Amino acid sequence: MSDHQQWEGGNRRKLPRSHDTFYQIVIGLNVVAWIIFVICLVLFHYARPELVSGVQEYWGVSGRDDWSYTLSNYLIILLFVCTLMSLCVLVLRRFRTRRRHDYFGINVVVLLAISVTVLVWIMSSV
């Protein structure tokens with residue numbers, strides 16, 4: 001493009017953030033990461049060892065004393081994916097948070113912290 005030609009596209013800085021494709025992709029990744037985290041919560045519930053109460057022991061009801069191997073593997077994989085997606089959202093947001101009124105996105109930081117903490121805890125206990 002030579003110096004005398006004008007840019008014919010729209011100015012990204014004057015475009016509302018909700019109409020920016022890059023911003024929509026980042027928000028979509030953030031939502032998908034949170035959905036994966038909710039799936040991880042459900043998997044955690046079914047993969048963890050079962051709590052056997054005193055009444056259950058009295059009645060002879062047995063429970064699983066260890067982690068479900070299959071479900072815990074899925075849980076670890078999904079937590080790893082959630083962590084990677086959170087990191088990607090943080091990196092991508094870094095490229096577009098240049099204006100004073102742009103928000104950093106604390107929810108992604110919270111999701112990343114929880115995902116990493118639970119991933120480390122499960123890897124050490126399984």
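Here are some notes on this predicted model, point by point.

1. The chain has a mean pLDDT of 81, and 77% of its residues reach 70 or more. Helix 1, covering residues 21–47, has the highest confidence, with a mean of 91. The lowest is in helix 2, residues 54–59, where the mean is 74.

2. Now the overall layout. You'll find 4 helices and 0 strands in the chain, so reading from the N terminus the order of elements is simply α-α-α-α. Of the contacts between residues at least 6 apart in sequence, 70% join residues that are at least 24 apart.

3. A word on surface and interior. The chain has 126 residues, and 24% of them are buried. Its accessible surface is about 9400 Å², with carbon and sulfur atoms accounting for 65% of that.

4. Asn-30 is worth a click. This residue sits in helix 1 and is buried, since its relative accessible area is 6%, under the 20% cut-off. What does Asn-30 touch once its neighbours within four places in sequence are left aside? The contacts are Val-89, Arg-93, Asn-107 and Val-108.

5. On to the aromatics. The model has 4 aromatic pairs. One of them is Trp-34 with Phe-37, an edge-to-face pair with ring centres 6.0 Å apart and 85 degrees between the planes. Why edge-to-face rather than stacked? Because the angle of 85 degrees is over the 60 degrees that edge-to-face requires, whereas stacked rings would need planes under 30 degrees apart. The two residues are 3 apart in helix 1, which means that about one helical turn separates Trp-34 from Phe-37.

6. Phe-44 belongs to helix 1 and Trp-121 to helix 4 (residues 106–125), so the pair ties together parts of the chain that are 77 residues apart in sequence. Both partners are partly exposed, with relative accessible areas of 24% for Phe-44 and 44% for Trp-121. If you have these two on screen, bring up Trp-67 as well: ring pairs link Phe-44, Trp-67 and Trp-121 into a cluster.

7. Last, have a look at the outside. Val-55, Tyr-58, Trp-59 and Val-61 make up a nonpolar patch on the surface, and together they have about 540 Å² of accessible area. Trp-59, one of the patch residues, lies in helix 2. Trp-59 counts as exposed because its relative accessibility is 66%, over the 50% cut-off. Keep in mind while looking at this residue that helix 2 is where confidence is lowest, at a mean of 74.

Terms used: Residues are numbered from 1 along each chain as its sequence is written. This is a predicted model: local features need pLDDT of at least 70, side-chain atom pairs count only at pLDDT 80 or more; totals for chains, interfaces and linings use all residues. Side-chain values use heavy atoms; hydrogens and water are left out. pLDDT is the predictor's confidence in each residue, from 0 to 100. Rings of Phe, Tyr and Trp (its six-membered ring) pair if their centres lie within 6.5 Å; planes under 30 degrees apart count as stacked, over 60 as edge-to-face and the rest as tilted. Buried means under 20% relative accessible area, exposed over 50%, partly exposed in between (1.4 Å probe, protein chains only). Patches are made of residues with over 30% relative accessible area and no salt bridge: like charges are joined within 9 Å, nonpolar side chains (Val, Leu, Ile, Met, Phe, Trp, Tyr) within 5 Å. Accessible areas come from the Shrake-Rupley method with a 1.4 Å probe; for residues, only the protein chains shown count as cover. A salt bridge is a side-chain nitrogen of Lys or Arg within 4 Å of a carboxyl oxygen of Asp or Glu. Contact means heavy atoms within 4.5 Å.
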